[in-house]
Amino acid sequence: MSQKTLTQDKKELSFNAFKTEVLEDYKIAKISRECSLLGRREVLTGKAKFGIFGDGKEVPQLAMAKAFKKGDFRSGYYRDQTFMMAIGELTAQQFFAGLYAHTNIEIEPMSAGRQMGGHFATHSLHEDGSWKNLTEQYNSSADISPTAGQMPRLLGLAQASKVYRNEKSVQHKTNFSNKGNEVAWGTIGNASTSEGLFFETINAAGVLQVPMVMSVWDDEYGISVHAKHQTTKESISEILKGFQRDKDSNGYEIFVVNGWDYVQLVDVYNKAGQIAREEHVPILIHVNELTQPQGHSTSGSHERYKGKERLQWEKEHDCLEKMRKWILDFELATDSGEILRFVDSEEEIILLEKEAKKIVITAKRNAWNAYNNEFTAEVQVASKLLSRIANKSKNGVFITKYKTDLEKTADPITKDILIAVRKTLRYLKEEEFPEKKELQEYIKAILKDAAHKYSSYLLSESDYSAVKIVEKKPIYAQNKNVVDARVVMRDNFDALLKKHPEVIIFGEDAGFIGDVNQGLEGLQEKYGDIRVSDTGIREATIIGQGIGLAMRGLRPIAEIQYLDYLLYALQIMSDDLATLHYRSFGKQKAPLIIRTRGHRLEGIWHAGSPMGGIINNIRGMHVLVPRNMNKAAGFYNTLLEGDEPALVIECLNGYRLKEELPTNLGEFKTPIGLVETVREGTDITIVSYGSTLRIVEETAAELQQIGINIEIIDAQSLLPFDLNSDCVKSLQKTNKLLVIDEDVPGGASAYILQEILEKQNGYQYLDSKPATLTAKAHRPAYGTDGDYFSKPSAEDIFEKIYEIMHESNPALFKSLY
């Protein structure tokens, strides 16, 4: 094969430099392949639990790496190991550390063992939680496993460049962007392009015209299912041809290239990167004719579903075999007649391959030793302690057996050690000697260490944590300025946009008309359509925009029109946003604020309150349920001082109610994680939130007339809930508890009940059974009667409280029924 030129960054390379680059690329690809091969073996021998590798995708990833610049972001697919190696962000030893799930972030920098191997991340944060200069490093947003789940975030990562290029108010933030020249690079398997998230993101990126390069690795299969069952025409590029831009309309540039053609791949990726970077046009690169030499993963064999002809074709079209042949065949004649070659004989490439294999074998051994030696050393510590205890205890024979079994365990882990020492402690329950105390402390130390390794960083542990922001009360004018509550929201958002130039607000109807409830009225006109903008009807990618923008230093407020519509985006919130800080071991964050409105209105689709489902799916975010717009505005003010993601649910039926307008807009702060006692009482504690709280307050006066004095507590914040344990302090006074909300039975009310009774130990102060009053098990029917019979009414609340008081004092409170 003859090839005269290959360009990179528009500069012609000398042949020697070209030769060095090609051979180094091949070596990286061989190292990656050997990692895949040896990685599978490690799983099958039991040293690792599961493996999903990038074999067969090496050559196009080399090409992508050449076009990837510092400051760029990757939002990718769990087969991108070659790419990460090519940009210098993954070593062979780190690959195996990830396979073994080493919990040391210095050794396994992708997730400290929290994710399976193949899930790649770089570190965006310093140890104190502050941002690094992201323009000086290659960036990979932390991967997730759900297919196509990386797509929505990719949209926001790309949009950030557009914001930084075109919005003057944020162009000083040079540690996040160099004039918007960064490209967001996405990768996905061909089968996963069948997911709705892929199409939603592709459409949104075309509308927004953002610098996004989307690579589809096409090996014709999705696990065992052929492309004919996945994609119309068996080709994603074919069915997306309508997205191709032309002289009359915006759209995509679409490239189709064979995944084994190194030269063509490098050319395509350089062109794609240049177009996206300079013109802010999205690109689709459909990489065809790829293979998967070891099948989908270590959980099965592809020989079960691929015929002999296909397997033979894959062997012949393996991208590494094709690249190897090209290297061997390459010849270039100079003007003087000299023939230039990459290698003079096959022996040279065989030596390179042997060196790559040796590197991987050494890396695997070093990674295993680093991982295993920690446990071996800990087994010795535990064994010595158990020996001393066995010598003192009357149950020494049983303890000795635990010790012996532990010492005989092949490749022990912390679990094995902890099982042995915890079971030993059971035999010492009636004995007292110093070694028992030592064992107790030893167990506590292991559990504390495990809590850090496996349970830390769900929320921010930095000084920027939102729960550390101190409350600041609203200040009101001496002459009351009472307005529609939506004016409080509007004027507070106005103050925030002025105070924080990095704040951008977007959502369905959020821009031109100022949201459906006029909480953003006039703000697009005042601040421009970058900072306050409309989106399409596409909740998942609205959240994705917010995640990506937040990961690049902006402070987005993403609006989902109604709480019921949040379900469209719940998967992205749960799998990506809520877990980001946790799965990156505190090395990445996305302080996105999601704004929505909900609770009581009319009908199935506009009056739901699926709070139990939400709070149990998005641990890792704050969930805030303000009862009025002053409280809601205070939450936004607080969150923008912190560094954590949150969901704020405004009361949908509260915008036209009257509230007093504070004079310190943008400054007053509602505390996160604290409840508020809105009415003092002595007979029973009522805990509620949101719109239902107003009904409880109205009912209080009627109950007072018959001698029942209720104490009302506004939860305000569900995640976290009542950090100061004020609810249990109330129970010490009233000795009775009723939790009221409009979620289904067993939803948020059950969560609150557990928090108060179990976490706060409130059960010990009760003199009657705690109760909940919730909506019915179905969504609310339409109309006023629908609301009345579907969710707690004032009469329901009155009678439930009366019933509890009747059980406590039947003589004073005669039965109503």
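1. Residues are numbered from 1 along each chain as its sequence is written, and side-chain values use heavy atoms, with hydrogens and water left out. Because the model is predicted, local features need pLDDT of at least 70 and side-chain atom pairs count only at pLDDT 80 or more, while totals for chains, interfaces and linings use all residues.

2. An automatic or database domain assignment divides the protein into domain 1 (32-311), domain 2 (380-454), domain 3 (466-660) and domain 4 (676-808).

3. Seven strands, in the order E15-E14-E16-E17-E19-E18-E24, make up an open sheet with mixed pairing; strands are DSSP runs of E, at least two residues, numbered from the N terminus, and two of them pair if DSSP finds at least two bridges between them. Strand E15 (532-534) and strand E24 (717-719) each have a single partner strand, so one side of each is left without a neighbour in the sheet. Three bridges join E15 to the parallel strand E14 (residues 503-507), and Ile-505 has Val-532 as its bridge partner in E15.

4. Among the salt bridges (a side-chain nitrogen of Lys or Arg within 4 Å of a carboxyl oxygen of Asp or Glu), Glu-559 pairs with Arg-597, the closest N and O atoms being 3.2 Å apart. Glu-559 lies in strand E16 and Arg-597 in strand E17, so the pair ties together parts that are 38 residues apart in sequence.

Key:
Helices (H or I, at least four residues) and strands (E, at least two) are DSSP runs, numbered from the N terminus.
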